[in-house]
Amino acid sequence: MLTQVRNPLGATDPTGRTPAQNAAPLTQTPAPDAADSFPSPPEPQSLEQAGVSDSELESMLLKSLLHEGAASGAALADGVCLPTALVRETLSALRDELLIGIKSASGLHDYVYQLTELGHARAKQHRERCAFIGSAPVPIAVYQRAMERQSIKQCGLSLAAMRRALADLSIKPSLVSRLCQAVNDGGGMFLFGKPGNGKTTVAERLCDAFGQYLWIPQMVSVGGDLIRVFDPVCHQRVELPANAAQRYDRRWVLVRRPTVVVGGELTLEQLEANYQPTQGVNEAPIQMKSTGGALLIDDFGRQRAGCDAILNRLIVPLEKGFDYLSLASGRQVRTPFDTLFILSTNLEPSDLVDEAFLRRIPYKIEVYDPEEGEFRALFEKTAAAAGFDIAPGAVDWLLETAYRQTGRELRYCHPRDLLRQVRTYATVHELPRQVNEQTLGVAIENYFATLS
(Lines give C-alpha, C1' and ligand atoms only; values in the text may rest on other atoms or scores of the structure.)
Protein backbone atom coordinates (compact mmCIF):
# COMPACT_ATOMS: atom_id res chain seq x y z
CA MET A 1 0.00 0.00 0.00
CA LEU A 2 2.93 2.30 0.44
CA THR A 3 6.62 2.88 0.51
CA GLN A 4 8.72 5.93 1.14
CA VAL A 5 10.10 7.72 -1.90
CA ARG A 6 11.55 10.80 -0.23
CA ASN A 7 14.76 8.81 0.34
CA PRO A 8 14.07 5.78 -1.83
CA LEU A 9 17.36 3.98 -1.44
CA GLY A 10 18.23 5.11 2.04
CA ALA A 11 17.95 3.48 5.45
CA THR A 12 15.20 0.97 6.02
CA ASP A 13 13.81 2.99 8.94
CA PRO A 14 10.68 4.42 7.29
CA THR A 15 10.83 7.61 9.29
CA GLY A 16 14.33 8.25 7.98
CA ARG A 17 15.60 8.48 11.56
CA THR A 18 17.70 6.13 13.64
CA PRO A 19 17.15 5.84 17.41
CA ALA A 20 20.27 7.92 17.95
CA GLN A 21 18.95 10.62 15.62
CA ASN A 22 15.62 10.52 17.39
CA ALA A 23 17.47 11.29 20.58
CA ALA A 24 19.28 14.32 19.14
CA PRO A 25 17.76 17.72 19.91
CA LEU A 26 16.10 19.58 17.10
CA THR A 27 17.77 22.78 16.03
CA GLN A 28 14.64 24.59 14.96
CA THR A 29 12.54 26.75 17.27
CA PRO A 30 9.00 25.51 17.77
CA ALA A 31 6.23 27.43 16.08
CA PRO A 32 4.49 30.10 18.20
CA ASP A 33 1.51 27.77 18.74
CA ALA A 34 3.72 24.76 19.46
CA ALA A 35 2.10 23.95 22.77
CA ASP A 36 -0.87 26.29 23.08
CA SER A 37 -2.96 23.59 24.76
CA PHE A 38 -0.43 23.56 27.59
CA PRO A 39 1.80 26.66 27.74
CA SER A 40 5.34 26.29 29.01
CA PRO A 41 5.35 25.43 32.74
CA PRO A 42 6.09 28.62 34.71
CA GLU A 43 9.25 28.84 36.74
CA PRO A 44 8.42 28.06 40.40
CA GLN A 45 8.76 30.95 42.83
CA SER A 46 9.08 28.78 45.93
CA LEU A 47 9.91 25.22 46.89
CA GLU A 48 6.30 24.74 47.92
CA GLN A 49 5.17 25.81 44.46
CA ALA A 50 7.71 23.44 42.93
CA GLY A 51 6.46 20.56 45.06
CA VAL A 52 9.97 19.95 46.43
CA SER A 53 10.61 19.72 50.17
CA ASP A 54 13.58 21.26 51.97
CA SER A 55 14.90 17.80 52.78
CA GLU A 56 14.64 16.65 49.15
CA LEU A 57 16.58 19.66 47.89
CA GLU A 58 19.13 19.24 50.66
CA SER A 59 19.68 15.64 49.58
CA MET A 60 20.11 16.58 45.91
CA LEU A 61 22.56 19.41 46.63
CA LEU A 62 24.70 17.42 49.07
CA LYS A 63 24.90 14.45 46.69
CA SER A 64 25.84 16.80 43.85
CA LEU A 65 28.69 18.27 45.91
CA LEU A 66 29.79 14.78 46.93
CA HIS A 67 29.96 13.86 43.25
CA GLU A 68 31.54 17.09 41.98
CA GLY A 69 33.82 17.94 44.92
CA ALA A 70 32.99 21.63 44.60
CA ALA A 71 30.50 23.66 42.57
CA SER A 72 29.05 27.14 42.31
CA GLY A 73 25.51 27.94 43.36
CA ALA A 74 24.56 28.57 39.72
CA ALA A 75 25.99 25.19 38.65
CA LEU A 76 24.14 23.41 41.44
CA ALA A 77 20.89 25.13 40.43
CA ASP A 78 21.42 24.08 36.81
CA GLY A 79 22.00 20.52 37.96
CA VAL A 80 18.68 20.26 39.80
CA CYS A 81 16.88 22.44 37.20
CA LEU A 82 15.53 24.90 39.79
CA PRO A 83 15.86 28.71 39.98
CA THR A 84 19.12 29.90 41.48
CA ALA A 85 17.27 32.02 44.06
CA LEU A 86 15.56 28.94 45.53
CA VAL A 87 18.77 26.95 45.62
CA ARG A 88 20.65 29.84 47.21
CA GLU A 89 18.24 29.84 50.19
CA THR A 90 18.86 26.13 50.81
CA LEU A 91 22.63 26.57 50.43
CA SER A 92 22.50 29.29 53.06
CA ALA A 93 20.65 26.95 55.41
CA LEU A 94 23.21 24.20 54.77
CA ARG A 95 26.00 26.64 55.64
CA ASP A 96 24.25 27.51 58.90
CA GLU A 97 24.14 23.79 59.73
CA LEU A 98 27.88 23.54 58.94
CA LEU A 99 27.23 20.99 56.21
CA ILE A 100 28.90 23.05 53.48
CA GLY A 101 31.44 25.81 53.34
CA ILE A 102 32.58 28.44 50.85
CA LYS A 103 35.67 27.56 48.89
CA SER A 104 35.89 30.73 46.81
CA ALA A 105 33.87 33.47 45.15
CA SER A 106 32.23 32.77 41.78
CA GLY A 107 31.11 35.88 39.98
CA LEU A 108 28.64 38.40 41.34
CA HIS A 109 26.67 37.25 44.41
CA ASP A 110 27.74 33.62 44.01
CA TYR A 111 30.26 31.27 45.57
CA VAL A 112 31.91 27.92 45.02
CA TYR A 113 30.75 25.52 47.73
CA GLN A 114 32.25 22.34 49.11
CA LEU A 115 31.23 19.80 51.75
CA THR A 116 32.45 19.96 55.31
CA GLU A 117 33.36 16.77 57.15
CA LEU A 118 29.87 16.69 58.65
CA GLY A 119 28.34 17.41 55.24
CA HIS A 120 30.36 14.64 53.64
CA ALA A 121 28.94 12.12 56.11
CA ARG A 122 25.38 13.41 55.56
CA ALA A 123 25.79 13.28 51.76
CA LYS A 124 26.92 9.65 51.93
CA GLN A 125 23.81 8.81 53.97
CA HIS A 126 21.61 10.42 51.32
CA ARG A 127 23.45 8.57 48.54
CA GLU A 128 22.95 5.22 50.26
CA ARG A 129 19.19 5.79 50.21
CA CYS A 130 19.10 7.09 46.61
CA ALA A 131 22.13 7.72 44.41
CA PHE A 132 20.27 9.68 41.72
CA ILE A 133 21.72 13.08 40.81
CA GLY A 134 19.90 15.30 38.36
CA SER A 135 16.69 17.21 37.81
CA ALA A 136 14.44 17.73 40.80
CA PRO A 137 11.24 15.72 40.40
CA VAL A 138 7.74 16.94 39.60
CA PRO A 139 4.95 15.66 41.90
CA ILE A 140 2.86 12.89 40.34
CA ALA A 141 -0.35 14.91 40.70
CA VAL A 142 1.15 17.75 38.66
CA TYR A 143 2.26 15.27 36.00
CA GLN A 144 -1.21 13.73 35.84
CA ARG A 145 -2.90 17.11 35.34
CA ALA A 146 -0.37 18.16 32.72
CA MET A 147 -0.91 15.00 30.68
CA GLU A 148 -4.68 15.41 30.87
CA ARG A 149 -4.38 18.93 29.50
CA GLN A 150 -2.12 17.74 26.69
CA SER A 151 -4.09 14.56 25.92
CA ILE A 152 -3.75 13.34 22.36
CA LYS A 153 -7.51 12.71 22.44
CA GLN A 154 -8.08 16.46 22.61
CA CYS A 155 -6.07 17.13 19.48
CA GLY A 156 -8.39 15.55 16.95
CA LEU A 157 -7.10 14.70 13.50
CA SER A 158 -8.62 15.84 10.24
CA LEU A 159 -8.55 13.77 7.08
CA ALA A 160 -6.53 16.56 5.46
CA ALA A 161 -3.87 16.36 8.18
CA MET A 162 -3.67 12.60 7.78
CA ARG A 163 -3.25 12.98 4.02
CA ARG A 164 -0.40 15.46 4.56
CA ALA A 165 1.36 13.09 6.96
CA LEU A 166 1.21 10.28 4.40
CA ALA A 167 1.70 12.47 1.31
CA ASP A 168 5.01 10.94 0.22
CA LEU A 169 3.68 7.38 0.48
CA SER A 170 1.80 5.46 -2.18
CA ILE A 171 -1.37 4.74 -0.28
CA LYS A 172 -5.01 4.29 -1.26
CA PRO A 173 -7.55 6.92 -0.15
CA SER A 174 -9.70 4.22 1.44
CA LEU A 175 -6.83 3.21 3.72
CA VAL A 176 -6.14 6.83 4.69
CA SER A 177 -9.80 7.19 5.65
CA ARG A 178 -9.82 4.06 7.81
CA LEU A 179 -6.61 5.08 9.55
CA CYS A 180 -8.03 8.51 10.31
CA GLN A 181 -11.17 6.92 11.75
CA ALA A 182 -9.13 4.62 13.98
CA VAL A 183 -6.94 7.46 15.26
CA ASN A 184 -9.91 9.67 16.09
CA ASP A 185 -11.70 6.81 17.83
CA GLY A 186 -8.66 6.22 20.07
CA GLY A 187 -9.56 2.61 20.84
CA GLY A 188 -6.52 0.92 19.35
CA MET A 189 -5.96 -0.81 16.03
CA PHE A 190 -4.51 -3.87 14.35
CA LEU A 191 -2.49 -3.27 11.18
CA PHE A 192 -2.02 -6.59 9.42
CA GLY A 193 -0.99 -7.93 6.03
CA LYS A 194 1.91 -9.43 4.13
CA PRO A 195 5.46 -8.30 5.01
CA GLY A 196 7.02 -5.54 2.93
CA ASN A 197 3.90 -3.42 2.39
CA GLY A 198 4.70 -0.71 4.93
CA LYS A 199 2.64 -1.42 8.03
CA THR A 200 5.39 -0.16 10.31
CA THR A 201 5.85 2.93 8.13
CA VAL A 202 2.17 3.78 8.40
CA ALA A 203 2.10 3.21 12.15
CA GLU A 204 5.10 5.46 12.75
CA ARG A 205 3.58 8.23 10.66
CA LEU A 206 0.27 8.35 12.55
CA CYS A 207 1.61 10.28 15.51
CA ASP A 208 3.48 12.66 13.19
CA ALA A 209 0.12 13.58 11.69
CA PHE A 210 -0.72 15.55 14.82
CA GLY A 211 2.30 17.78 14.27
CA GLN A 212 2.36 19.06 17.84
CA TYR A 213 4.67 19.22 20.80
CA LEU A 214 4.38 17.98 24.35
CA TRP A 215 5.80 19.07 27.71
CA ILE A 216 6.98 16.17 29.88
CA PRO A 217 8.91 16.16 33.18
CA GLN A 218 12.32 14.61 33.40
CA MET A 219 11.49 12.96 36.72
CA VAL A 220 8.27 12.35 38.68
CA SER A 221 8.04 11.84 42.45
CA VAL A 222 5.56 9.64 44.26
CA GLY A 223 6.20 10.23 47.94
CA GLY A 224 9.83 9.25 48.25
CA ASP A 225 9.88 7.20 45.03
CA LEU A 226 11.25 8.58 41.77
CA ILE A 227 10.09 7.63 38.25
CA ARG A 228 12.22 8.67 35.26
CA VAL A 229 9.92 9.77 32.43
CA PHE A 230 12.14 11.54 29.90
CA ASP A 231 14.12 9.09 27.78
CA PRO A 232 16.29 10.49 24.95
CA VAL A 233 15.84 7.22 23.05
CA CYS A 234 12.04 7.64 22.98
CA HIS A 235 11.70 11.41 23.15
CA GLN A 236 12.91 13.94 20.60
CA ARG A 237 13.77 17.15 22.40
CA VAL A 238 12.74 20.48 20.89
CA GLU A 239 15.14 23.30 21.64
CA LEU A 240 13.65 26.57 22.84
CA PRO A 241 15.09 30.00 21.94
CA ALA A 242 18.04 31.01 24.08
CA ASN A 243 16.19 34.06 25.41
CA ALA A 244 13.43 31.77 26.74
CA ALA A 245 15.78 29.52 28.69
CA GLN A 246 14.92 31.06 32.09
CA ARG A 247 11.20 31.62 31.55
CA TYR A 248 9.97 28.12 32.19
CA ASP A 249 10.35 25.33 34.73
CA ARG A 250 13.50 23.56 33.55
CA ARG A 251 12.43 20.29 35.14
CA TRP A 252 10.19 19.94 32.08
CA VAL A 253 11.30 19.15 28.52
CA LEU A 254 9.50 20.11 25.31
CA VAL A 255 9.43 17.11 22.96
CA ARG A 256 7.68 16.01 19.81
CA ARG A 257 4.76 13.73 20.52
CA PRO A 258 6.57 10.40 20.86
CA THR A 259 6.22 7.20 18.85
CA VAL A 260 7.62 4.34 20.91
CA VAL A 261 8.29 1.23 18.80
CA VAL A 262 8.96 -2.20 20.28
CA GLY A 263 9.22 -5.48 18.39
CA GLY A 264 10.05 -9.09 19.07
CA GLU A 265 12.28 -8.08 21.98
CA LEU A 266 9.28 -6.92 24.04
CA THR A 267 8.92 -8.58 27.45
CA LEU A 268 6.31 -8.15 30.17
CA GLU A 269 9.00 -6.52 32.34
CA GLN A 270 9.08 -3.57 29.92
CA LEU A 271 5.43 -2.92 30.72
CA GLU A 272 6.21 -2.40 34.40
CA ALA A 273 8.24 0.19 36.30
CA ASN A 274 11.83 -1.09 36.25
CA TYR A 275 13.74 -0.28 39.42
CA GLN A 276 17.38 0.74 38.91
CA PRO A 277 19.13 -0.08 42.21
CA THR A 278 22.39 1.66 41.30
CA GLN A 279 20.55 4.98 41.00
CA GLY A 280 17.55 4.36 43.21
CA VAL A 281 14.98 5.35 40.57
CA ASN A 282 12.18 3.56 38.72
CA GLU A 283 12.42 3.62 34.94
CA ALA A 284 9.00 4.37 33.44
CA PRO A 285 7.50 1.53 31.38
CA ILE A 286 7.13 1.96 27.64
CA GLN A 287 3.42 2.78 27.80
CA MET A 288 4.17 5.67 30.17
CA LYS A 289 6.97 6.93 27.91
CA SER A 290 4.54 6.92 24.97
CA THR A 291 1.98 9.06 26.84
CA GLY A 292 0.68 11.79 24.54
CA GLY A 293 1.94 9.91 21.48
CA ALA A 294 1.83 6.40 20.03
CA LEU A 295 2.85 2.93 21.22
CA LEU A 296 3.55 0.54 18.35
CA ILE A 297 4.07 -3.15 19.04
CA ASP A 298 5.63 -4.32 15.79
CA ASP A 299 5.75 -7.96 14.64
CA PHE A 300 3.01 -8.73 17.14
CA GLY A 301 2.90 -12.45 17.77
CA ARG A 302 6.68 -12.88 17.74
CA GLN A 303 7.37 -11.51 21.23
CA ARG A 304 8.91 -13.56 24.01
CA ALA A 305 5.73 -13.03 26.01
CA GLY A 306 2.51 -14.49 24.67
CA CYS A 307 -0.02 -12.30 22.85
CA ASP A 308 -2.66 -12.94 25.51
CA ALA A 309 -0.25 -11.94 28.28
CA ILE A 310 0.63 -8.66 26.58
CA LEU A 311 -2.99 -7.75 25.89
CA ASN A 312 -4.06 -8.83 29.37
CA ARG A 313 -1.59 -6.27 30.71
CA LEU A 314 -2.60 -3.42 28.39
CA ILE A 315 -6.22 -3.85 27.36
CA VAL A 316 -7.82 -2.57 30.59
CA PRO A 317 -5.59 0.56 30.76
CA LEU A 318 -6.46 1.16 27.08
CA GLU A 319 -10.17 1.04 27.86
CA LYS A 320 -10.01 2.98 31.13
CA GLY A 321 -7.50 5.62 30.06
CA PHE A 322 -5.26 5.08 33.07
CA ASP A 323 -2.79 2.49 34.35
CA TYR A 324 -1.52 1.36 37.74
CA LEU A 325 2.19 0.84 38.32
CA SER A 326 3.69 -1.11 41.19
CA LEU A 327 6.93 0.44 42.46
CA ALA A 328 9.83 -1.31 44.16
CA SER A 329 8.84 0.22 47.51
CA GLY A 330 5.47 -1.56 47.35
CA ARG A 331 3.63 1.65 46.52
CA GLN A 332 1.10 1.57 43.67
CA VAL A 333 0.55 4.69 41.61
CA ARG A 334 -2.04 5.66 39.00
CA THR A 335 -0.63 7.05 35.76
CA PRO A 336 -2.28 8.23 32.51
CA PHE A 337 -2.68 5.77 29.64
CA ASP A 338 -3.08 8.28 26.84
CA THR A 339 -1.55 6.79 23.72
CA LEU A 340 -2.40 5.60 20.24
CA PHE A 341 -2.15 1.84 20.70
CA ILE A 342 -1.14 0.06 17.49
CA LEU A 343 -0.45 -3.63 16.88
CA SER A 344 1.31 -4.45 13.62
CA THR A 345 1.58 -8.03 12.42
CA ASN A 346 2.21 -10.17 9.35
CA LEU A 347 -0.14 -12.80 10.79
CA GLU A 348 -3.91 -13.02 10.88
CA PRO A 349 -5.16 -11.33 14.08
CA SER A 350 -7.65 -14.16 14.60
CA ASP A 351 -4.72 -16.60 14.75
CA LEU A 352 -3.08 -14.58 17.53
CA VAL A 353 -5.83 -13.76 20.03
CA ASP A 354 -9.35 -14.88 20.75
CA GLU A 355 -12.58 -13.14 19.82
CA ALA A 356 -12.85 -11.31 23.14
CA PHE A 357 -9.58 -9.49 22.56
CA LEU A 358 -10.35 -8.82 18.88
CA ARG A 359 -13.63 -7.19 19.87
CA ARG A 360 -11.82 -4.87 22.28
CA ILE A 361 -9.38 -3.71 19.56
CA PRO A 362 -12.06 -2.06 17.41
CA TYR A 363 -10.13 -1.42 14.19
CA LYS A 364 -8.60 -4.25 12.15
CA ILE A 365 -7.03 -2.68 9.06
CA GLU A 366 -5.45 -4.83 6.37
CA VAL A 367 -2.62 -3.42 4.28
CA TYR A 368 -2.88 -5.12 0.87
CA ASP A 369 -0.33 -5.89 -1.85
CA PRO A 370 -0.08 -3.33 -4.67
CA GLU A 371 -1.80 -3.86 -7.98
CA GLU A 372 0.38 -3.89 -11.12
CA GLY A 373 -0.49 -0.33 -12.03
CA GLU A 374 0.39 0.90 -8.53
CA PHE A 375 3.62 -1.11 -8.58
CA ARG A 376 4.63 0.33 -11.96
CA ALA A 377 3.89 3.92 -10.88
CA LEU A 378 5.82 3.45 -7.65
CA PHE A 379 8.80 1.87 -9.43
CA GLU A 380 8.99 4.77 -11.90
CA LYS A 381 8.59 7.37 -9.15
CA THR A 382 11.27 5.77 -6.99
CA ALA A 383 13.67 5.45 -9.93
CA ALA A 384 13.20 9.10 -10.91
CA ALA A 385 13.78 10.25 -7.33
CA ALA A 386 17.05 8.28 -7.25
CA GLY A 387 18.26 9.60 -10.62
CA PHE A 388 17.80 6.42 -12.70
CA ASP A 389 16.95 6.20 -16.40
CA ILE A 390 14.54 3.39 -17.26
CA ALA A 391 15.05 1.66 -20.59
CA PRO A 392 11.89 1.16 -22.69
CA GLY A 393 10.11 -2.04 -21.73
CA ALA A 394 12.26 -2.65 -18.64
CA VAL A 395 9.38 -2.52 -16.15
CA ASP A 396 7.25 -4.79 -18.36
CA TRP A 397 10.14 -7.27 -18.49
CA LEU A 398 10.49 -7.10 -14.68
CA LEU A 399 6.79 -7.77 -14.10
CA GLU A 400 6.75 -10.69 -16.54
CA THR A 401 10.03 -12.31 -15.45
CA ALA A 402 10.03 -11.79 -11.70
CA TYR A 403 6.31 -11.95 -10.96
CA ARG A 404 3.93 -13.39 -13.59
CA GLN A 405 6.13 -16.34 -14.59
CA THR A 406 6.94 -17.23 -10.99
CA GLY A 407 3.60 -16.43 -9.36
CA ARG A 408 5.45 -14.14 -6.95
CA GLU A 409 3.35 -11.52 -5.15
CA LEU A 410 4.05 -7.82 -5.55
CA ARG A 411 5.21 -5.87 -2.51
CA TYR A 412 5.49 -2.14 -1.99
CA CYS A 413 9.08 -2.50 -0.75
CA HIS A 414 10.28 -4.26 -3.92
CA PRO A 415 10.89 -1.16 -6.12
CA ARG A 416 13.13 0.39 -3.47
CA ASP A 417 15.01 -2.84 -2.78
CA LEU A 418 15.52 -3.82 -6.43
CA LEU A 419 16.71 -0.33 -7.37
CA ARG A 420 19.21 -0.44 -4.54
CA GLN A 421 20.62 -3.61 -6.10
CA VAL A 422 20.77 -1.91 -9.51
CA ARG A 423 22.59 1.07 -8.02
CA THR A 424 25.18 -1.14 -6.33
CA TYR A 425 25.78 -3.16 -9.49
CA ALA A 426 26.22 0.01 -11.55
CA THR A 427 28.63 1.47 -8.99
CA VAL A 428 30.78 -1.67 -8.79
CA HIS A 429 31.01 -2.00 -12.57
CA GLU A 430 31.26 1.76 -13.24
CA LEU A 431 28.12 1.76 -15.38
CA PRO A 432 25.59 4.53 -15.89
CA ARG A 433 22.53 4.50 -13.64
CA GLN A 434 20.19 2.77 -16.04
CA VAL A 435 17.44 0.28 -15.35
CA ASN A 436 17.44 -2.34 -18.10
CA GLU A 437 17.09 -6.10 -18.48
CA GLN A 438 20.76 -6.68 -17.63
CA THR A 439 20.80 -4.68 -14.38
CA LEU A 440 17.36 -5.89 -13.36
CA GLY A 441 18.41 -9.48 -14.02
CA VAL A 442 21.27 -9.13 -11.57
CA ALA A 443 18.97 -7.50 -9.00
CA ILE A 444 16.38 -10.27 -9.37
CA GLU A 445 19.01 -12.99 -8.93
CA ASN A 446 20.46 -11.34 -5.84
CA TYR A 447 17.24 -10.26 -4.15
CA PHE A 448 14.83 -13.12 -4.85
CA ALA A 449 17.29 -16.01 -4.46
CA THR A 450 15.60 -17.35 -1.35
CA LEU A 451 12.36 -15.34 -1.37
CA SER A 452 9.06 -16.67 -2.65
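The second largest cavity of this predicted model is lined by A182, V183, G186, G187, G188, M189, L340, F341 and I342. A cavity is here a set of points on a 1 Å grid over the protein atoms alone where a 1.4 Å probe fits but cannot get out, and lining residues have an atom within 4 Å of a point. The volume of the second largest cavity is about 30 Å³, where a volume is the space filled by probe spheres set on the points, with grid points joined across faces, edges and corners. In total, two cavities of 30 Å³ or more are present in the structure.

Two elements, α9 (173-185) and β16 (340-345), each contribute at least two residues to the lining of the second largest cavity. Helices (H or I, at least four residues) and strands (E, at least two) are DSSP runs, numbered from the N terminus. The largest contribution to this lining comes from β16, with three residues. The lining comprises six nonpolar, three polar and no charged residues; Ala, Val, Leu, Ile, Met, Phe, Trp, Tyr, Cys and Pro count as nonpolar, Asp, Glu, Lys and Arg as charged, and the others, Gly among them, as polar.

Helix packing was examined for α15 (residues 372-385). The axes of α15 and α17 (residues 414-428) come within 9 Å and cross at roughly 45 degrees; axes are lines fitted to C-alpha atoms over the stretch in contact, and angles run from 0 to 180 degrees between N-to-C directions. The two helices are therefore oblique, a class left after angles under 35 degrees (roughly parallel), over 145 (roughly antiparallel) and 65 to 115 (roughly perpendicular). The crossing of α15 and α17 is right-handed, meaning that the near helix is turned clockwise from the far one by less than a right angle. Contact (heavy atoms within 4.5 Å) joins F375, L378, F379, T382 and A383 of α15 to H414, P415, R416 and L419 of α17. Of these residues, six are nonpolar, two polar and one charged.

Helix α16 (residues 394-404) also packs against α15, at an angle of about 125 degrees and with the axes 11 Å apart. This pair is therefore oblique, and its crossing is right-handed. The residues E372, F375, R376 and F379 of α15 meet V395, D396, L398, L399, Y403 and R404 of α16. This contact includes six nonpolar, no polar and four charged residues.

Residues are numbered from 1 along each chain as its sequence is written. Local features need pLDDT of at least 70 and side-chain atom pairs count only at pLDDT 80 or more, whereas totals for chains, interfaces and linings use all residues, and side-chain values use heavy atoms, with hydrogens and water left out.

Technical notes. On a 1 Å grid over the protein atoms alone, a cavity is a set of points where a 1.4 Å probe fits but cannot get out, and a pocket is an open set with protein on both sides within 12 Å along at least five of seven lines; lining residues have an atom within 4 Å of a point.
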